[in-house]
Amino acid sequence: MMEQVIDIISWICLLGGALVVLIGGIGLVRFPDLFTRIHAASLADSGGAILVIVGCMLQAGLTLAGVKLAAILLFLLFTSPTAGYALAHSAITAKDDGLDVDIESD
């Protein structure tokens, strides 16, 4: 019974993470300027990674794989916001308003 509950919670986390990443990808394409795109990408990266890795950790249990997933999660929680900040800061330093960025549709 408890194993089924953990599986259900794990799948909810995995599907929720996939949904967050999908919505972030749509926002990355649809938003008009550089800064809102950076915002969408960094939120989707952080939120999606948290949910997906927590879902995998629930599946792995208290094993070495779970500990490795926790280390990966900790690494992502530090590097993802830092990368978003670095991109935005470099755009501000270069005085780029981001409005000339255009994604061509094929």
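Q: Which residues does UniProt annotate as "transmembrane region"?
A: The unreviewed UniProt entry puts that label on residues 6–29 and 50–78. Keep in mind that the model here is predicted.

Q: What does the model show for residues 6–29, helix or strand?
A: Helix: the span is 100% helix and 0% strand. Its end C-alpha atoms lie 35 Å apart.

Q: And how far apart are the end C-alpha atoms of residues 50–78?
A: They lie 12 Å apart. That span is 90% helix, with 0% strand.

Q: Zooming out, how many helices and strands are in the protein chain?
A: The protein chain has 3 helices and 0 strands. Along the sequence the pattern reads α-α-α.

Q: What share of the chain is buried?
A: Buried residues account for 24% of the 106 residues.

Q: What about contacts, how many join residues at least 24 apart?
A: Take the contacts between residues at least 6 apart in sequence: 69% of those join residues at least 24 apart.

Q: Which residues make the nonpolar surface patch?
A: Met1, Met2, Val5, Ile6, Ile9 and Leu58 make it, and the patch is about 560 Å².

Q: Which helix gives the largest share of the patch?
A: Helix H1, residues 2–30, with 4 residues.

Q: Pick Met2 from that group. Where does it sit, and is it buried or exposed?
A: Met2 is in helix H1. Met2 counts as exposed because its relative accessible area is 58%, and the cut-off for exposed is over 50%.

Q: Switch to Ser10. Buried or exposed?
A: Buried. Ser10 has a relative accessible area of 0%, so it falls under the 20% limit for buried. Ser10 is also in helix H1.

Q: Which residues does Ser10 touch?
A: Gly55, Leu58 and Gln59, leaving out residues up to four places away in sequence.

Q: Which side chain makes a polar contact with the side chain of Ser10?
A: The side chain of Gln59, at 3.1 Å.

Conventions:
Residues numbered from 1 in each chain as written. Predicted model: local features only at pLDDT ≥ 70, side-chain atom pairs only at ≥ 80, totals over all residues. Heavy atoms only, no water. UniProt positions renumbered as here; feature names shortened; annotations may be inferred. Helix = DSSP H or I, 4+ residues; strand = E, 2+ residues; numbered from the N terminus. Patch = residues over 30% accessible without salt bridge, like charges linked within 9 Å, V, L, I, M, F, W, Y side chains within 5 Å. Areas by Shrake-Rupley, 256 points an atom, 1.4 Å probe, with all protein chains shown as cover. Salt bridge = Lys/Arg side-chain N within 4 Å of Asp/Glu carboxyl O. Buried < 20%, exposed > 50% of the residue type's maximum accessible area, 1.4 Å probe, protein only. Polar contact = N/O pair within 3.5 Å; in protein donor to acceptor, adjacent residues only side chain to side chain. Contact = heavy atoms within 4.5 Å.
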